[in-house]
Amino acid sequence: MANYAKRLWLEEDLGDDYRWSYRVSEVLFSGRSEFQEIDLVDTPTWGKVLLLDGKMQSTEADEQVYHELLVHPPLLHHSCPKRVFIMGGGEGATAREVLRHKTVEKVVMVDIDKVVTDFCSKHLARNTKAFADPRLTLINDDARTQLEQAPDGSFDVVIGDLADPLDGGPCYQLYTQEFYRNVVLKKLAPGGIFITQSGPAGFLSCKEVFSSIHATVRSVFPAVVPYAQHIPSFCDIWGYNMAFSDAAQTPLSAEELDARIGARLDGVPLHFLDGVTFQGLRHLNKMVRVALQEEKEVYTVDSARFIHGAGVKA
């Protein structure tokens, strides 16, 4: 179980010399799987909070922002997304947003931890319908293994909703140049799009992993669109890299995005994203732009950068 002080304050280590804490009203679930520690707590500030290995993964207060920005830009930029592969995404929110698209016929979600997917399918009310949707195939296995086994050209969109690259963890290998070039790019159909969450992207934090992930994606794909948004529960700006397999693909105008949102989605308004918003997210500040332009280091199996580790006892 994640570590709580006697007054039920959860404290998370964000760096070598700083941390933050928030009050816990109730511990709804605490357990451990073969792979990680899993907690669901209720809080006055964030509502229900899902934690893995003591680190906040998503909250009721702002998870829709994170997931809308991960899912809808790539699906809206694709001409007609029918087949989608999700790496990770165990809580079900990424699948929930993908399944809002009328054109989607098949979603394959591969998350290694069955304890997480079983728990979230039962206890995260926003996502229960997604887990029951007949278009969703849920596989509890290694995402790389499953994607490697798929025929080339199988998917219109591949989404990396993975844990951050941690030193000593297996996930960083799904951020490498080898994986992007030898697996992801090959499994995309013509005109396919890849998106990955890319870690902290603030002007003080963007060189931690964001700039290197961007350089890695850029070394494989002919066109890459980085963007970022402040996620309050993550205590930072958060970065994304959207990659086109066709060099002729370019970002849509605000008007085109709004038109596709109206035509393609299920009729329920998006919580955060629209065309003007996405235009704004692509305009990164000067310090971050320079960091991305100057970054030379790419992720390989033998060389990687890592985000700060898991939460610690208060």
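This is a predicted model: local features need pLDDT of at least 70, side-chain atom pairs count only at pLDDT 80 or more; totals for chains, interfaces and linings use all residues.

Biologist: Let us begin with salt bridges. What is the general idea, and how many salt bridges does the count come to?

Modeller: Side chains of opposite charge can pair when their charged atoms come close. Here the count comes to 13 salt bridges.

Biologist: Which residue forms a salt bridge with R100?

Modeller: D266 does, with the closest N and O atoms 3.2 Å apart. D266 sits in the loop between α8 and α9 (275-281), and R100 sits in the loop between α2 (93-98) and β8 (106-110), so the pair ties together parts 166 residues apart in sequence.

Biologist: Are D266 and R100 buried or exposed?

Modeller: D266 is partly exposed, at a relative accessible area of 40%. R100 is buried, at 10%. The cut-off for buried is under 20%, so R100 qualifies.

Biologist: Which residues are linked with R100 and D266 in a network of salt bridges?

Modeller: The network links E63, R96, E97, R100, R126 and D266.

Biologist: Now K187. What is its salt-bridge partner, and how far apart are the closest N and O atoms?

Modeller: K187 pairs with D152, and the closest N and O atoms are 2.9 Å apart. K187 belongs to helix α6 (residues 177-187), while D152 is in the loop between α5 (143-149) and β10, so this pair ties together parts 35 residues apart in sequence.

Biologist: Which side of that pair is buried, K187 or D152?

Modeller: K187 is buried, with a relative accessible area of 7%. D152 is exposed, with 54%.

Biologist: What about R32 and E37: what distance goes with their salt bridge?

Modeller: Their side chains meet at 3.5 Å, N to O. R32 is exposed, at 60% relative accessibility. E37 is buried, with a relative accessible area of 10%.

Biologist: Next, charge on the surface. Which residues gather in a patch of negative charge?

Modeller: E255, E256, D258 and D274 do. A patch takes residues with over 30% relative accessible area and no salt bridge. Take D258: its relative accessibility is 36%, so D258 counts as partly exposed and clears that cut-off.

Biologist: Where is D258 found?

Modeller: D258 is in helix α8, which covers residues 254-264.

Biologist: On to annotation. Where does UniProt place the feature "active site"?

Modeller: UniProt places that feature at D161, in an unreviewed entry. Such annotations may be inferred rather than shown by experiment.

Biologist: Where does D161 lie, and is D161 buried or exposed?

Modeller: D161 lies in strand β10, residues 155-161. D161 is buried, with a relative accessible area of 11%.

Biologist: Where is D53 placed, and where is C235 found?

Modeller: D53 is in the loop between β5 (47-52) and β6 (55-59). C235 is in the loop between β12 (223-231) and β13 (236-244).

Biologist: What are the relative accessibilities of D53 and C235?

Modeller: D53 is partly exposed, at 33%. C235 is partly exposed, at 33%.

Terms used:
Residues are numbered from 1 along each chain as its sequence is written. Side-chain values use heavy atoms; hydrogens and water are left out. Patches are made of residues with over 30% relative accessible area and no salt bridge: like charges are joined within 9 Å, nonpolar side chains (Val, Leu, Ile, Met, Phe, Trp, Tyr) within 5 Å. Accessible areas come from the Shrake-Rupley method with a 1.4 Å probe; for residues, only the protein chains shown count as cover. A salt bridge is a side-chain nitrogen of Lys or Arg within 4 Å of a carboxyl oxygen of Asp or Glu. Lys and Arg count as positive and Asp and Glu as negative; His and the chain ends are not counted. The place of a charge is taken as NZ of Lys, CZ of Arg, CG of Asp or CD of Glu. Helices (H or I, at least four residues) and strands (E, at least two) are DSSP runs, numbered from the N terminus. Buried means under 20% relative accessible area, exposed over 50%, partly exposed in between (1.4 Å probe, protein chains only).
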